[in-house]
Each structure stands twice: as C-alpha cells, then as structure tokens.
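Me: I would like to go through the labels attached to this model and see what each one rests on. Please set each value against its cut-off.

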Amino acid sequence: MTGLRSLPKREPTRALVLLDQPLVAEVVVFTLNHGVYDTRTATTVDEATALLKEWRPHVAVLDMDIGGDRILEETQEPNGVQIPVLGLTRRGDLKTKLAAFDQGVDDIMTVPFSPEELLARVLAITRGTYGATLPLNPVIKLGEIEIDILNRKIRAGTSELHLTPLEQSLLYLLAANAGRVLTRDEITDALWGVDFVAGSNTIDQHIRSLRAKLQNDWHRPRFIATEAGRGYRFVPTFSEQPA
C-alpha cells in the first residue's frame, strides 16, 4: 500500500497493550505469541503514551474504559499514517462501540473475549493497514501441553483434548500466568467480568472439568495445582507425575 510504513521483515512486529488488569493483559500477550509479536504492556495512559512515542509500536490493543480514547491521537505516525488499534471495552452496548469507532479505533471487542478471536482481529487490522501477511506460530508449547489456537486443538502429552470455549479460555488464563497463584475471584473477573456474581463453587466445577480432560489428578498435579485457601496455579510439565 502506498505511503504506509512497512512492517519489519527480520524482527517481530511490535504490539502495545494497554490494560489495567494484569491477568487479562498476560492472556493478550500469550495469545499474541501466536503472531510472533514483540509485546509490551502498560497499565496507565501515561505509560502507554510514553511507549507510543519512544517504542513506536506497529499495532495497539487499548482499553477504552481506562482512557484508551485519550491517546488515539498519539497513534498517528509522523507521515500521517495511524497505526491500527483494537479497542477493548467491558461495556458491550452498541452506543459504546460506535463511539469507539468514531474516536478512531479500527475494531472493538468486549472484555471478556475469546483468545482466538482477539488474535484473528489483531491480525486482520494489521494486515488491513500494512497490506502484509504476518508470520504465525500455529502451536505454542508449554511443557507437555501444545495449544493450536487457530484449529482449536490442544494436546497434553499424546492425548488430544476437546475443550469447550470456556475451558479453553480458562486454560489460557492459567497458562498465561504460569507459576502464579490465581484466586477464584481473579479467575471470575477475568473470564466473566467484575460484575458477574459466581456461585460458591462455580470456579471449582470448571477446574474439575478441565482437570478431567487433562487427566490431571489433584493429589499429584500435572497441570493445575491447588493452593489450599488461595486458588490455583498452572504447572506446565509432568514433573510431579509419579514414577
């Protein structure tokens, strides 16, 4: 496309993520690894604005609810080309989405989101701006787990798993924050939003279902460890499997 800044051919495409929810931000970063992005995150408008000026990303994922709209002017390059922007919002009403388009985003998604849809939309707006097809890692490996986001296939060891969309989002959330204990409230907020009121054992039920498909014994956790009184932690290998 004439007049557009070309994407780098020998280095990753730079992606800026503005989100004030660290757990969700890690899911975005984890997901963009499929697109071979070099990703940096910001939790405030000031941090994001500084990165836009100093780092010059090629694409941005901006939380419109915490001021993403206020930095859209900063997404314009010196040559007049605006980098593509995917807006995020927790408000799914049409008025909010139309306002985001009017403010200058290329696309808008409601949080919570499905990882595969987010990747598809980021790839689409990047391609639409630069006219280039980005490289893609179809499979991300985490120890003994392989995640193929485009074909919605997940392998644990030699077994292929068939997960529901919610189970897949739960696995992404845990895997993106590997080694960190996630509380039930944090999982609920990330998967359904802060306004969702979950039953006392809702998260536990979904964890049990995911564990069953992962062939995970909670006594000797392969993938999901329980931290008593705290929450759950992702264990990406079979290292705790009995001999």
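Me: What makes up the largest nonpolar core, and which residues have the most contacts inside it?
Reply: The model is a predicted one. Its largest nonpolar core has 72 residues, and Leu32, Leu118, Ile145 and Leu174 have the most contacts inside it. Setting aside residues up to four places away in sequence, leucine 118 touches Val28, Thr31, Leu32, Leu86, Leu88, Met109 and Phe113.

Me: Why is threonine 31 called buried?
Reply: The label needs a relative accessible area under 20%. Threonine 31 has 0%, so it is buried. This residue belongs to helix 1 (residues 22-32). Beyond its neighbours within four places in sequence, threonine 31 is in contact with Pro115, Leu118, Leu119, Ile149 and Tyr172.

Me: Why is the contact between aspartate 63 and arginine 90 called a salt bridge?
Reply: The N to O distance between their side chains is 2.9 Å, and the cut-off is 4 Å, so the pair qualifies. Aspartate 63 sits in strand 3 (residues 59-63) and arginine 90 in the loop between strand 4 (85-89) and helix 3, so the bridge ties together parts that are 27 residues apart in sequence. Both residues also belong to a salt-bridge network with Asp20, Asp65 and Arg91.

Me: Are these two partners, aspartate 63 and arginine 90, buried or partly exposed?
Reply: Aspartate 63 has 1% relative accessibility and therefore counts as buried. Arginine 90, at 29%, counts as partly exposed, because that label covers values between 20% and 50%.

Me: What makes glutamate 160 and arginine 155 a salt bridge?
Reply: Their closest N and O atoms are 3.6 Å apart, which is within 4 Å, so the pair counts. Glutamate 160 is partly exposed at 35%, and arginine 155 is partly exposed at 31%. The structure holds 12 salt bridges.

Me: Why is phenylalanine 101 called partly exposed?
Reply: Its relative accessible area is 38%, so it is partly exposed. Phenylalanine 101 lies in helix 3 (residues 94-103). Together with Leu94 and Leu98 it forms a nonpolar surface patch with about 310 Å² of accessible area.

Me: How do you know that the span of helix 7 agrees with its number of residues?
Reply: Helix 7 (residues 202-214) has 13 residues, so at 1.5 Å a residue it should span 18 Å; the end C-alpha atoms are 19 Å apart, which agrees. Buried residues in helix 7 include Ile203, Ile207 and Leu210. Just after helix 7, glutamine 215 has a positive phi of about 55°.

Methods:
Residues are numbered from 1 along each chain as its sequence is written. This is a predicted model: local features need pLDDT of at least 70, side-chain atom pairs count only at pLDDT 80 or more; totals for chains, interfaces and linings use all residues. Side-chain values use heavy atoms; hydrogens and water are left out. A nonpolar core is a set of buried Ala, Val, Leu, Ile, Met, Phe, Trp, Tyr and Cys residues joined through side-chain atoms within 4.5 Å. Buried means under 20% relative accessible area, exposed over 50%, partly exposed in between (1.4 Å probe, protein chains only). Contact means heavy atoms within 4.5 Å. Patches are made of residues with over 30% relative accessible area and no salt bridge: like charges are joined within 9 Å, nonpolar side chains (Val, Leu, Ile, Met, Phe, Trp, Tyr) within 5 Å. Accessible areas come from the Shrake-Rupley method with a 1.4 Å probe; for residues, only the protein chains shown count as cover. Helices (H or I, at least four residues) and strands (E, at least two) are DSSP runs, numbered from the N terminus. The expected span of a helix is 1.5 Å times one less than its number of residues.
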